[in-house]
Amino acid sequence: MIGAGPYGLSAGAHLKAKGIGVRVFGEPMEFWAKKMPEGMLLRSPRVASNLSDPDGAFTLEAYEAASKKEPLAPLPLETFVEYGKWFRHQLASDIDPREVQRVDRHAEGFRLTLRDGDEVLAKKVVIATGIGAFKKGPAVFEGLPSEQVSHCYDGRDVRRFAGKRVVVVGAGQSALESAALLHEAGAQVEVIARRANLRWIGQHSWLHHLGPISTLLYSSHDVGPVGISRLVAYPRIMRFIPLQLRDRIRIRAVRPAGSRWLPARLKYVQMSMGRAVASAAMVRDEVVLKLDDGTERRVDHVLLGTGYKVEIAKYGFLPNELVQAIEQFDGYPKLGRGFTCSLPGLHFVGATAARTFGPLLNFVAGTEFASRELLSYLTKYAA
Ligand SMILES: Cc1cc2nc3c(=O)[nH]c(=O)nc-3n(C[C@H](O)[C@H](O)[C@H](O)COP(=O)(O)OP(=O)(O)OC[C@H]3O[C@@H](n4cnc5c(N)ncnc54)[C@H](O)[C@@H]3O)c2cc1C
C-alpha cells in the first residue's frame with residue numbers, strides 16, 4: 001500500500017485483519033498534517049469523516065471518547081489528523097513511514113524502491129497516494145517565482161501572510177476557506193474568480209430536516225445534491241452508468257462551492273467575481289496582475305485555489321513504462337472490480353478511482369467501500 005492517508009490506513013487495516021500480509025508506506029496523514037491550512041475545518045459532516053476498520057471500532061467518536069476530546073462540528077483539521085494518527089496504531093509495525101520513490105515490474109510482481117534506496121518486493125501494489133501531485137493552476141502564473149505564487153495545497157502556515165496583500169484565485173472550498181483564514185491572520189485579501197456568483201453548500205438546508213424524507217433524498221455521506229447524493233452512495237452501481245452521464249454526476253457532485261459556515265467569515269473580504277487574471281508579472285518585489293476587465297492589482301502573493309486534475313503520469317514514482325501500460329481515460333486509470341487497472345496486480349484507490357466508481361471516492365466517506373471492495377477482490381480472486 002503506497003500512501004498512509006485515510007484510504008491507505010483504512011484499506012491496510014481491513015487487509016491486515018484478514019491476515020493478508022500488508023505493508024503501508026508513507027508518513028501517516030501527511031497530506032492533511034502538512035499541506036492543509038492551519039485552522040481549517042472539515043467540509044464533510046462528522047458521520048462522513050470516519051476512517052474504516054473491519055469492526056467499526058476505530059471511529060471518530062471512539063477516538064474523541066478515548067482522548068477526552070469534545071466532539072465538535074464542523075470538525076477541526078487538528079482533531080482529524082490526530083484521529084488518523086490514533087487509527088494507524090492498528091497497523092502497528094506494518095506501517096513504514098518511508099516514501100516510495102519508484103515502482104517497477106518484477107518477476108514476483110513489483111519492486112518498490114524507497115527513498116533511502118532500500119528495495120521491497122510485493123505481489124500486489126495499491127496506490128493510495130491522493131491528489132497532492134495533481135494540483136493545477138492557470139498558465140498565466142507559470143513564470144512567477146514560487147515565493148510569490150503558491151497553491152492552496154502547498155503549505156499550512158497562513159500567519160506568514162499577516163500584513164501582506166494576497167489575491168486568492170478560485171471559488172471552491174479551498175480558495176474560500178484559505179481567504180477566510182488569511183483575513184483572520186491579518187492579511188489584506190481579495191478573491192478573484194471567473195464565476196459570476198459564489199455557491200454555498202447546503203443552500204436548501206431545510207431538505208436535511210424532514211426526517212425519513214431527508215433520508216430518501218440524501219445519503220449520510222452528503223456528497224452531491226438532492227437525489228444524486230443517494231446514487232453516489234452506491235459506487236458499485238455508479239461503475240455501470242455510461243461514462244458521459246457518470247462524468248456529469250461526478251462534476252455536479254464536486255463542483256466548486258463553499259461551506260455554510262464561510263459567508264460570515266468572508267464578510268469583509270473583497271470578492272471580485274466574474275473576472276479572470278489576464279497576465280501576471282513581477283515588477284521589483286510586487287506581483288502585478290492585469291484582469292480581463294482592464295483593472296490592475298499589485299500584491300505580495302497569489303494563492304491558487306484552482307483545484308486539481310487527476311493525471312496518474314504525474315505520480316513521480318510511476319515510471320513512464322508503467323504509466324504507458326495502464327489503460328486510462330484522460331489521466332484516470334480505467335478500473336475494474338477490486339480497483340484493478342489493466343496492469344495485473346496494480347490497484348488504485350481514492351480520487352484516482354472517482355472516474356470509475358463516482359465522486360464518493362473523492363472523500364473520506366469512500367474509505368469503507370474502497371476497503372471492503374479491495375479486500376473482497378483480494379481474498380476471492382488473487383490468492
Ligand atoms: C483543502 C482540502 C479540504 C478537504 N476537505 C475534505 C473534507 O472535509 N472531507 C473529505 O472527505 N475530504 C476532503 N478533502 C479531500 C481529501 O483530499 C480526501 O478526502 C482524502 O485526503 C483522501 O484520502 P487519500 O488517502 O486518498 O489521500 P491523502 O489524504 O492525500 O493521502 C495520501 C498520502 O499518500 C502520501 N504519499 C504520496 N506519495 C507517496 C509516496 N510516493 N510514498 C509514500 N507516501 C506517499 C501522501 O503524503 C499522503 O499523505 C479535502 C481536500 C482538500 C485539498
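## Exercises on a predicted model

A281 touches L144, E286, V287 and V288, when residues up to four places away in sequence are not counted; contact means heavy atoms within 4.5 Å. The structure is a predicted model, in which local features need pLDDT of at least 70 and side-chain atom pairs count only at pLDDT 80 or more, while totals for chains, interfaces and linings use all residues. Residues are numbered from 1 along each chain as its sequence is written, and side-chain values use heavy atoms, with hydrogens and water left out.

**Exercise 1.** Determine in which strand A281 is found and how accessible A281 is.

*Solution.* Step one: A281 belongs to strand β11 (residues 277-283); strands (E, at least two residues) and helices (H or I, at least four) are DSSP runs, numbered from the N terminus. Step two: the relative accessibility of A281 is 36%, so A281 counts as partly exposed. The classes are buried under 20% relative accessible area, exposed over 50%, and partly exposed in between (1.4 Å probe, protein chains only). Step three: A281 and R195 are separated by 86 residues in sequence and by 23 Å in space, C-alpha to C-alpha.

**Exercise 2.** Locate A187, classify its burial and list its contacts beyond four places in sequence.

*Solution.* Step one: A187 sits in the loop between α5 (173-184) and β9 (188-193). Step two: with a relative accessible area of 8%, A187 is buried. Step four: I201 is 14 residues from A187 in sequence, yet their C-alpha atoms are 26 Å apart.

**Exercise 3.** Describe the pairing of strand β4 with β3 and with β5, and explain how far β4 is enclosed.

*Solution.* Step one: β3 (residues 100-106) and β4 are antiparallel and share six bridges; two strands pair if DSSP finds at least two bridges between them. These two strands form a hairpin with two residues between them. Step two: β4 also runs antiparallel to β5 (residues 119-122), through four bridges. The hairpin of β4 and β5 has four residues between the strands, and G117 in the turn has a positive phi of about 95 degrees. Step three: L112 in β4 stands opposite V103, and its bridge partner in β5 is V120. Step four: β4 (residues 109-114) has six residues, five of them buried, and is therefore largely enclosed by the rest of the structure.

**Exercise 4.** Identify the buried residues of helix α4 and name elements that cover them.

*Solution.* Step one: in α4 (residues 77-87), the buried residues are L77, T79, F80, V81, Y83, G84 and F87. Step two: their cover includes α1 (6-17), α2 (30-35) and α3 (60-66).
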